[in-house]
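Please look at the chain below with its strands, helices and open spaces in mind. The paragraphs that follow begin with a pair of strands and then widen the view.

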Amino acid sequence: MIENDVFKQDWRSRTRLQILQYILLKWTLTFLVGIIVGFTAFGINFAIENIAGYKFLKVNEYFQEDRIGLAFSILIVTNLVLSLFSATLVAFIGPAAAGSGVPEVKAYLNGMDAEDILSLKTLLVKVFGSIGSVSGGIYTGKEGPLVHSGSCIAAILGQGGSKRYRISWRWLRYFKNDRDRRDLITCGAAAGVAAAFRAPVGGVLFALEEVTSWWRCSLIWRAFFATALVSVVLQTSMAYCSDGGCGLFGSGGLIIYNIGDVSVNFRLAELLPVGILGVIGGIFGCMFTLINGRILRFYFALHTNNGPMIKILHVAIVSLISTALMIGLPWLGDCIECPTNIEETCPTTEKSGNFKRFRCPDGHYNDLASLIFDVNNEVVRNLFSVGTTNEFTYKTLFIYMVQSYGLALITYGTPVPSGLFLPIMITGASYGRITGMVMRSLSPGLSELDEGLYAVLGAASFLGGAMRMTVSICVILLELTNNLFLLPLTMLVLLISKSIGDLFNLSVFDQIIHLKGLPFLEEHADDYMKHLKAHDVCSSSLVTLDAVESVRKIVDTLQRTDHNAFPVIVKDEVTQQPIFHGLILRSHLLVLLRGRHFLASVPKDSASDATKSFKSVDFGKPGAGRGMSIRHIRLNPAELEMFLDLRPFTNTSPYTVVDTISLSKAYAVFRGLGLRHLCVIPKIQSGFPIAGILTRHDFIEEHILMKFPHLKRAKWTPLQVHLSAIRKVLDFRNLCKLS
């Protein structure tokens, strides 16, 4: 919050009714976020289930009629058309909608505000693009895009609509500041997770653990309120569709993969395979991050150096590869006789089910085709299914695991809205079910856990190894499966997989943030920052303004610099020494120039009635877009010769540190308080009153190491010392053995 005279006067003049209106506004917007995100998620699920369902129904129907060529042609054409539809939207309308969007939302809530990340066109492309990509057979999920969509909805509501599209509400003017908008976007992200997994508590914990960088206790209530509303909307919508009035959508409740009635009795011996699952998940997760990072570098270079048509070609190639695997791999599956002790129809005649026939004789099903010819949600349901011993063979699960892992690697990064949660869950569930089958075969009387429970633990291990989250994933899986007794084993698996993954590299989302060059500030400063002072990294081009400045100089300063804040200097009336008065933002200067409340001459006293001409809402943060620029302001020569009194609009209490403070402490202050500017003042007042301004750019590793390249080696000194100490211990032991 900018605490200048205008801001203070505005808050002092507010009545109790206006304060109550502000409080009610925050809860009203949270209510709208939950309702709109819930209906958006329902619309996305409704479209995907119907489009993909009818596609698979037709393909299955033609298979049974031995019209294989027609079945494959329908599969290829529909997948390609839907994928290209999604790619065209991203390439020509909303490039910011590509990917899951979780890294971008995480960077925004860390303090990085980029154009179009949360705009209306990004939201529309995200919604319709995710429908096209998921129903078009691209190996991706809709969970990440739902998080991004929820954040976009919150951002649009919080900014009072969009002036670009002439949709704006004046009664939201008090809400146009960074803090309130950031809080609402956090609620939107939590609502998106709740809509994706139907896990309201997991959505709140996901926002707390992974997305947001600043959290307040009061925000928990609003986030939980939003996620609860999402659950109510989804439950009501699914109840409405339960009678078949929504086509192929409508079965199931809020618990997507309900295994709550399954006993979770385990013995001490079963902790060993569970621990092995955690190790496998950690190794697979860090390998996935490493390989996918190299692939993403190639994708980013390919998309940056070429036009939008290369993005469409890229998606077409990925779609054809995915469809080719979908067509070819089921032939490697086995025809298994249908079990007799089940209630489900075998072979399956509907769009989903565990028993797809695919060229098998009557009374048999193809286990690999049952996994491939289905949407990802149903695949997870099949793998998590309990009481289905020996439903899948080792060969089928291994082939599907390799296919899932490979497709997730090459698909994540394609220019379409794509999520990573479900592909990772499916891969982990595959090797988790294999582990359960191995335990059953090695010790039939010893293993108490069902194969489906091992699949849940496998999914948890890969999620923890790739995304490095623990609490939120644990709660989300518990809400997905409705089995609280699985909690101890899930916690163990997540702790092991996350610990192993952290030993080697970053999480998937953090890696994307670094690959895109987003100026993200981690929670803790690097060790090498302790060796630097704040004045060591301050930019030398410090531009200041006088308390009463000429309009010409202000315009010239704004034209020749891109700084977003300027120190305001006043002179002592007795000693005429410069004194640091405060900080004024570039956006506030533009508002003052546009208002044209200029002075003909420099006033002799400090009194000014400029506060009567403006209110704090006039300086509210603009919505999505570039905002106002100095190019938009036209002043005549007479106005350029006039003056502006900046004192009423200057933040006279900016956060400051002395120039001798260590950079690590300055980093803690900057990130902990969520600042944009941190003023550095000299410890000894012998000259100019301000030494510089620290911004986010000054704390970025590349900027610091460019100035001090010798720190590149010093950064790894603790690791080198640790390794040298180990070598000395080993040498000492060898010496003792020789002696």
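Valine 570 has isoleucine 579 in S8 as its bridge partner, and phenylalanine 566 stands opposite isoleucine 584 in that strand. These pairs belong to strand S7 (residues 565–571) and strand S8 (residues 578–585), which pair in the antiparallel sense over seven bridges; two strands pair if DSSP finds at least two bridges between them, and strands (E, at least two residues) and helices (H or I, at least four) are DSSP runs numbered from the N terminus. S7 and S8 form a hairpin with six residues between them, and in the turn glutamine 576 has a positive phi of about 60 degrees.

The model is predicted, so local features need pLDDT of at least 70 and side-chain atom pairs count only at pLDDT 80 or more, whereas totals for chains, interfaces and linings use all residues. Residues are numbered from 1 along each chain as its sequence is written, and side-chain values use heavy atoms, with hydrogens and water left out.

Seen as a whole, the protein chain holds 27 helices and twelve strands. Of its 739 residues, 55% count as buried (under 20% relative accessible area, with a 1.4 Å probe and protein chains only). Among contacts (heavy atoms within 4.5 Å) between residues at least 6 apart in sequence, 78% join residues at least 24 apart.

The unreviewed UniProt entry lists several stretches as "transmembrane region", among them residues 184–207 and 271–291; such annotations may be inferred rather than shown by experiment. In the model, residues 271–291 are 100% helix, with end C-alpha atoms 30 Å apart, while residues 184–207 are 92% helix, with end C-alpha atoms 12 Å apart.

The second largest pocket is lined by 43 residues, of which Leu506, Asp510, His514, Glu522 and Asp526 lie nearest its centre. A pocket here is an open set of points on a 1 Å grid over the protein atoms alone, where a 1.4 Å probe fits, with protein on both sides within 12 Å along at least five of seven lines, and lining residues have an atom within 4 Å of a point. Helices that each supply at least two lining residues include H18 (487–502), H19 (508–515) and H27 (717–738), but H8 gives the most, with four residues.

Notes: Buried means under 20% relative accessible area, exposed over 50%, partly exposed in between (1.4 Å probe, protein chains only).
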